Amino acid sequence: MSRQKEEFKPVNEGKVGIYVCGVTPYNEPHIGNARPFVTWDTIRRFFKKCGYDVRYIQNFTDVDDKIIRASHEQHVTWKDIADKYIDAYFKGMDALNIRHADVYPRVSETIPEIQEMVAGLIDKGYAYELDGDVYYSVEKFNGYGKLSGRSLDDMMAGARVEVDERKKNPMDFALWKSAKPGEPSWDSPWGKGRPGWHIECSTMSLKYLGKTFDFHGGGSDLIFPHHENEIAQSQAYLGDAHSFARYWVHNGFITIHEQKMSKSLHNFFTVNEILEKYPGEVVRFFILQTHYRSPLDFSDERLRDAAAGLARLKTANDNANELLKNEGGEGESAAELKKTTHEAHEKFYEAMADDFNTALAISYLFEAAKNMNVYYNDIVNKGAALDRENLAAAKADFDDMAEIIGILEDKAESGSSDEDAKIDALVNERLAARKAKNWARADEIRDMLKAQGIVLEDSASGTRWKRA
RNA sequence: GGCGACAUAGCCAAGUGGUAAGGCCGGGGUCUGCAAAACCCCUAUUCCCCAGUUCGACUCUGGGUGUCGCCUCCA
């Protein structure tokens with residue numbers, strides 16, 4: 001609220017309440033929409049690791065002009081549209097390894113509470129009715145503009161919106177809209193109608209998180225007017241200037257050629273489109289390599305760069321897992337590895353604690369990966385016995401960091417075991433050929449597998465393969 | 001027009017009043033039958049420009065330039 005970084009003090013000791021503005025499901029989510037959800041999923045994982053009891057709420061605005069328009073165009077109900085794109089939302093977000101919220105409230109399921117709040121605002125004199133519409137009177141709320149750093153006078157000076165002359169102030173916004181034919185509507189004290197855009201978040205956060213909660217998030221484009229209006233509604237309704245969200249986290253935009261990706265500019269890639277070309281893990285990693293507040297320019301080239309970096313982390317992960325399959329013994333000590341990895345782990349947590357600096361945090365993941373690789377080479381090349389206990393400790397720290405970033409989680413490998421068996425057979429045949437120094441045959445097999453997207457890696461302890 | 005953010009190597013990107021993390025790409029090397037992977041070394045005397053504050057600024061202040069965003073639906 002101060003528009004600066006602040007130290008975090010939870011409303012309730014040991015607990016964190018988070019409300020993030022979700023999507024309006026009227027078409028496919030694009031990668032820019034997904035950024036806040038990746039960010040918040042990571043923040044949420046971090047708080048959990050720090051021992052907080054996290055409650056995460058994310059709404060679906062399923063009653064909205066754009067949904068209604070889409071339903072008319074496609075000759076289906078508004079509910080069909082909402083359900084369809086909520087499914088699309090989950091499909092994309094699941095691929096990005098985003099854990100589900102504790103509750104996904106929908107506007108259509110929160111109508112009574114919304115009406116209660118609207119009525120309360122009228123009672124308190126903050127809102128007025130006009131022919132079945134209800135407007136919020138911004139002049140009545142003297143903190144208006146605090147979040148976005150602008151005053152009503154500034155806004156008046158710069159106003160370039162057509163004004164509904166009936167409103168008391170041009171900036172007044174709708175809490176309740178009277179129904180037009182063919183629109184979803186609910187009975188209310190002001191006649192048939194539906195909620196305005198901002199009221200649902202005020203109502204839902206109150207319903208699921210209480211009067212005051214810790215974090216509120218969303219894209220920067222929601223700061224004004226959406227979040228400004230939420231504050232006005234909630235604080236006026238509760239009669240408490242300290243209620244509602246304590247800390248605000250707003251994501252920078254994802255851009256294309258330095259231009260904001262947006263549905264109205266039609267310069268977007270949907271999440272599901274991108275997932276056809278890159279694994280969700282890569283997309284997630286790409287997003288987290290930049291601080292959440294900074295703009296992030298999207299391009300194939302940058303996604304490829306991210307993929308290359310992630311591949312190195314993956315190799316380190318695989319290397320360590322491979323070693324850990326073996327028995328321990330008297331050998332190359334991993335005490336130093338355990339120590340440096342633990343230090344990296346601590347710095348990782350410090351970085352996350354300082355405004356969720358995932359970009360800095362990831363650098364420590366690379367540091368840990370490098371150290372594990374050095375140890376791996378020592379063991380594999382020298383054939384020394386393994387200090388399993390210390391390696392396992394280092395790997396546990398590494399895994400902990402990777403889990404917060406949300407990458408390298410073991411998933412069932414794609415590809416049938418049948419196919420795997422064939423590959424194994426070829427690899428073994430090649431191994432025999434190499435023993436016999438039949439390099440021609442060995443290389444032939446390697447090339448053949450490469451054509452199938454299988455990459456071989458030889459080491460002193462054998463050959464392993466992976467899908468490129 | 002009003003309000004605001006940002007400007008760091010070939011690309012991406014952290015960062016601090018005391019002398020520039022990390023990633024990608026590129027070059028050289030170690031290992032390897034050759035590869036691949038991994039590791040090692042090299043790659044910004046410098047952080048948009050100009051003034052100022054300071055023992056000292058990329059980091060603070062003022063001015064300029066540029067880019068982007070919000071003010072209308074938008075994550």
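Modeller: What follows goes from the sheet to its helices, and then to some backbone angles. Keep in mind that this is a predicted model.

Start with the strand order. Four strands make up an open sheet, arranged S2-S1-S7-S8. Their pairing is parallel. Strand S2 (53-58) and strand S8 (244-251) are the edge strands, and each of them pairs on one side only. From one strand to the next, the twist averages 25°.

Now the pairing of S1 with S7. Strand S1 covers residues 15-20 and strand S7 covers residues 212-219. Three bridges link them in the parallel sense. Take Tyr19 as an example: its bridge partner in S7 is His216.

Next, the helices. Helix H6 (residues 199-209) packs on the sheet and touches S1, S2 and S7. The direction of H6 makes about 150° with that of S2. Helix H7 (residues 223-238) also packs on the sheet, where it touches S7 and S8. Between the directions of H7 and S8 the angle is about 175°.

H7 holds a detail worth checking. The peptide bond joining Phe224 and Pro225 is cis, with omega about 0°. Pro225 has its place in helix H7, the helix that touches S7 and S8.

Beyond the sheet, look at positive phi values. Glu258 is not a glycine, yet its phi is positive, about 70°. This residue sits in the loop between strand S9 (254-256) and strand S10 (259-260). Glu258 counts as exposed because it has 7 C-beta neighbours inside 10 Å, and the cut-off for exposed is 12 or fewer.

Lys437 is another case. Its phi is positive, near 55°, and it too is a residue other than glycine. Lys437 lies in a loop between two helices, H14 (417-435) and H15 (439-451). With 8 other C-beta atoms within 10 Å, Lys437 is therefore exposed.

After H15 comes Gly453, with a positive phi near 85°.

Terms used. Residues numbered from 1 in each chain as written. Chains lettered and ligands numbered in written order. Predicted model: local features only at pLDDT ≥ 70, side-chain atom pairs only at ≥ 80, totals over all residues. Pairing = 2+ DSSP bridges. Axes fitted to C-alpha atoms, helices over the stretch in contact; angles between N-to-C directions. Contact = placed C-beta atoms within 7 Å. Buried ≥ 20, exposed ≤ 12 C-beta atoms within 10 Å, placed from the backbone.
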